[in-house]
Amino acid sequence: MKRIFHTTALALVAVCSVVIGAQQQIRTPKQMPLPRNPDWAKMEVETLHVQGQVHMIAGAGGNIAVQVGNTGVLLVDTGYEQMSGKVLAAIRKLSGDRTLRTIINTTLSDAHTGANAVLVKEGRLNQAGPGLGQRPNEADLIGHSNLLALMTDIGRDKIPVERWPPSVFSGKQKDLYSNDEPVVVLAVPDAVTSGDSMVWFRKSDVVATGEIFNQATFPYIDLAHGGTINGIIEGLNTVLDMTVPKHNQEGGTMVIPGYGRIGDEHDVLEYRDMVTIVRDRVQAAINKKMTLAQVKAMKPSATYEYELRFNRDPAWTAEMFVEAIYTNLTARK
Amino acid sequence: MRLMTLPPEFITILIRCPELAGRAGVLVVCINCKSTARNELRHRFFGRDNGAAGSDLGRAYHQMFSAGRTALVLPFLLAVLLIPSVPAFAQIDFTGVWNGNTNAEDGPERAAGPSLVEFLGLPINDQARQWGLAYRPGRLSLPEHQCQVHAIHYIHRGPFAARIWEERDPVTHQLIAIHEAISTYEQKRTIWMDGRPHPSANAPHTWMGFSTGVWNGNMLTVTTTHVKHAWHRRENLPSSDEVTVIEHWVRNGNVWTHISVTEDPIFLAEPLIKSEDLTLNASPNFNPFWPCESIEEGERARGQVPHYLPGTNPWVAEYAAIHKLPQEVTLGGPEQMYPEYRNRMKTLPVAVFEEKAPPSVGTSSTPTPPAAPAGGRGAAPPAAGRGGGAGRGGRGN
């Protein structure tokens with residue numbers, strides 16, 4: 001028995017050596033778009049520290065920025081409603097029992113605003129009621145006035161009123177002070193939609209861009225809701241204005257994209273270049289009086305070299321992107 | 001870890017200990033130990049005074065030997081089977097200052113750098129080729145591009161010097177990491193040798209990426225992920241942010257042979273394999289200072305990105321014609337890495353270059369900037385110029 005045991009053990013050790021000697025197949029993970037019709041029970045969120053007081057929750061739809069400090073919690077976007085429980089658990093893990101004070105929406109889609117109603121109710125504006133009047137004591141929900149207008153136009157039967165941002169701003173920006181940090185909400189006019197914003201955490205040195213910057217796909221242009229290609233490019237140029245790399249075009253201001261991995265100025269730069277080049281190609285075709293059918297036929301030259309990297313969402317293909325640019329640039333002003 | 005001679009009842013296995021923050025170590029499995037043997041082993045490891053109580057390894061040891069033999073050994077061995085990769089102890093010391101050999105096979109990459117549309121010998125795919133043909137050097141004159149550096153799969157071909165040192169556990173002397181400070185662009189990297197996992201898909205990417213290493217005999221094999229979008233050939237052939245770089249470090253005396261295998265699912269049709277030799281410098285002098293501050297190089301419309309529209313790059317044939325090469329040869333591709341391609345080269349006509357003025361940079365969406373005075377950095381390019389409105393934008397390294 002002892003000999004059998006010895007032999008077995010030594011054989012296992014020999015196998016172990018082979019396994020140990022083999023190289024593990026480690027590869028850089030691909031940036032993938034959101035799954036369509038996901039199995040919500042199987043979707044998981046991941047929390048990453050970005051910089052300073054700001055963290056990122058990924059996997060609940062659009063990325064969620066979480067600022068945690070002594071005075072409470074501030075969120076940028078809320079993810080899908082179906083993921084709200086997991087998002088809330090992730091926030092609690094980050095913040096303990098600190099109160100959720102503020103939620104800022106960057107754009108319209110369900111992936112960013114879906115859990116507004118659930119998470120707002122988890123928050124508190126004040127510790128006590130006096131001064132609130134008729135307003136419920138829940139987290140403040142902020143968005144651009146155009147975002148509220150879009151939701152109103154779409155209607156309460158499709159977007160419940162509880163998801164609408166009651167605190168709106170209509171100018172270029174709205175300034176907040178949260179957790180001893182200036183937080184600037186900047187309007188991004190006529191970008192993915194007409195109601196987009198980005199959020200700049202000035203002390204933590206982090207920008208949450210919303211959907212104009214997407215690590216997995218070409219930027220979505222929601223033409224039906226006021227989106228424009230030049231608004232997206234101008235938004236990306238604005239991000240480049242705000243970001244300052246720490247050393248040799250790396251680090252410094254960190255960027256939370258609408259989807260995908262954390263980036264910095266260089267990541268936004270390459271994305272801006274790509275979107276601008278594709279826009280220029282479509283514009284050049286329009287200048288030659290080419291029709292949409294002809295522009296589609298000249299594919300792959302419009303987006304060709306970027307397609308292996310960004311044409312990963314069957315719901316938003318390179319062809320759809322080119323068509324949206326063409327439609328947008330040829331629309332009557 | 002102390003060196004010791006173990007009784008034959010013990011089997012030593014290299015494992016990664018989660019209890020020790022993922023560090024590698026030697027665990028000892030006792031096949032048929034008597035209590036006296038166990039005690040002897042414990043005393044050899046931890047001394048007779050502290051026993052196993054005072055350290056994580058000690059607690060792990062106690063847990064290991066407090067269980068029954070069969071309940072312990074088989075599950076443990078099965079667990080080891082599931083350990084995918086295990087860093088072991090350093091075989092070769094790379095510590096020191098190393099200098100690149102700029103006169104070797106990689107000389108053309110190091111000094112003046114490649115010409116425009118000089119893609120030959122690179123296993124690029126058609127997407128990379130199109131990217132390169134649309135590339136206009138003025139793009140590198142944009143302030144945000146000016147301080148862009150060589151990424152990890154290219155930097156060993158810069159005018160390169162590196163200082164390498166080891167980081168070891170102060171108690172066990174186990175190798176935790178190998179650090180490499182690279183003179184070019186003041187880059188620093190850490191090669192983790194403690195078996196830690198690579199970051200998630202949502203983590204940031206950097207020029208140097210995230211590296212882990214293992215020893216294959218005397219060769220160090222390094223795997224790097226999470227690298228930024230950069231270039232396979234300086235400036236005009238892109239590399240994606242999904243590259244994975246496998247390096248093999250070999251030392252023969254005072255020569256460090258650095259071999260890299262770059263996989264890029266976006267821009268390479270086959271892995272790109274390169275090698276460089278570096279020489280150990282007896283002097284510890286090392287110039288790591290490479291400050292970069294971007295400046296505005298001429299006026300341009302906000303958001304303008306210099307590039308050539310498809311089919312409008314006027315320089316495609318220049319390099320090929322100067323060197324009397326067929327055009328196809330300069331456009332790269334995986335077939336060019338193999339000797340058989342020489343036969344095909346002989347059947348192709350030599351390229352002809354007809355110089356013509358490059359198209360303007362702007363489009364109707366991005367108006368052409370006003371021309372600066374003749375010869376100025378922001379001037380529209382002369383007929384013979386290659387730049388995108390702001391000089392050639394090339395790098396001398």
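The legends below describe several close-up views of a predicted model.

Residues are numbered from 1 along each chain as its sequence is written, and chains are lettered from A and ligands numbered from 1 in the order in which they are written. In this predicted model, local features need pLDDT of at least 70 and side-chain atom pairs count only at pLDDT 80 or more, while totals for chains, interfaces and linings use all residues.

**View 1. Chain A as a whole has 10 helices and 13 strands.** Helices (H or I, at least four residues) and strands (E, at least two) are DSSP runs, numbered from the N terminus. The C-alpha atoms of chain A fill a box of roughly 85 × 65 × 45 Å along the principal axes. Of its 333 residues, 52% count as buried; a residue is buried if 20 or more other C-beta atoms lie within 10 Å of its own, exposed if 12 or fewer, and partly exposed in between, with C-beta atoms placed from the backbone. Among contacts in chain A with a separation of 6 or more, 62% come from residues 24 or more positions apart. Two residues are in contact if their C-beta atoms, placed from the backbone, lie within 7 Å.

**View 2. Seven strands of chain A form an open sheet with mixed pairing.** The order is β1-β2-β3-β4-β5-β6-β7, where two strands pair if DSSP finds at least two bridges between them. The edges are β1 (46–51) and β7 (167–169) of chain A; each has a single partner strand, so one side of each is left without a neighbour in the sheet. Neighbouring strands of this sheet are turned by 25° against each other on average, direction ignored. Axes are lines fitted to C-alpha atoms, for helices over the stretch in contact, and angles run from 0 to 180 degrees between N-to-C directions.

**View 3. Strand β4 (residues 72–76) of chain A runs antiparallel to β3 (residues 64–69) of chain A and parallel to β5(A).** Five bridges join β3(A) to β4(A), and a hairpin connects these two strands through two residues. Across this pair, A:G69 has A:G72 as its bridge partner, and A:V66 has A:L75. Four bridges join β4(A) to β5(A); here A:L75 is partnered by A:I103. Four of the five residues of β4(A) are buried, leaving the strand mostly covered.

**View 4. Helix α5 (residues 145–154) of chain A lies across β6 (140–144) and β7 of chain A.** The helix runs at about 95° to β6(A).

**View 5. Helices α6 (residues 229–242) and α7 (residues 265–287) of chain A pack at an angle of about 155°, with their axes 10 Å apart.** α6(A) and α7(A) are therefore roughly antiparallel to each other; angles under 35 degrees count as roughly parallel, over 145 as roughly antiparallel, 65 to 115 as roughly perpendicular and the rest as oblique. The residues in contact include A:I232, A:L236 and A:L240 of α6(A), and A:V268, A:R272 and A:V275 of α7(A). The contact residues divide into 10 nonpolar, two polar and three charged. Ala, Val, Leu, Ile, Met, Phe, Trp, Tyr, Cys and Pro count as nonpolar, Asp, Glu, Lys and Arg as charged, and the others, Gly among them, as polar.

**View 6. B:R342 is found in helix α9 (residues 341–345) of chain B.** With 9 C-beta neighbours inside 10 Å, B:R342 counts as exposed. B:R342 and B:H258 are 84 residues apart in sequence and 27 Å apart in space, C-alpha to C-alpha.
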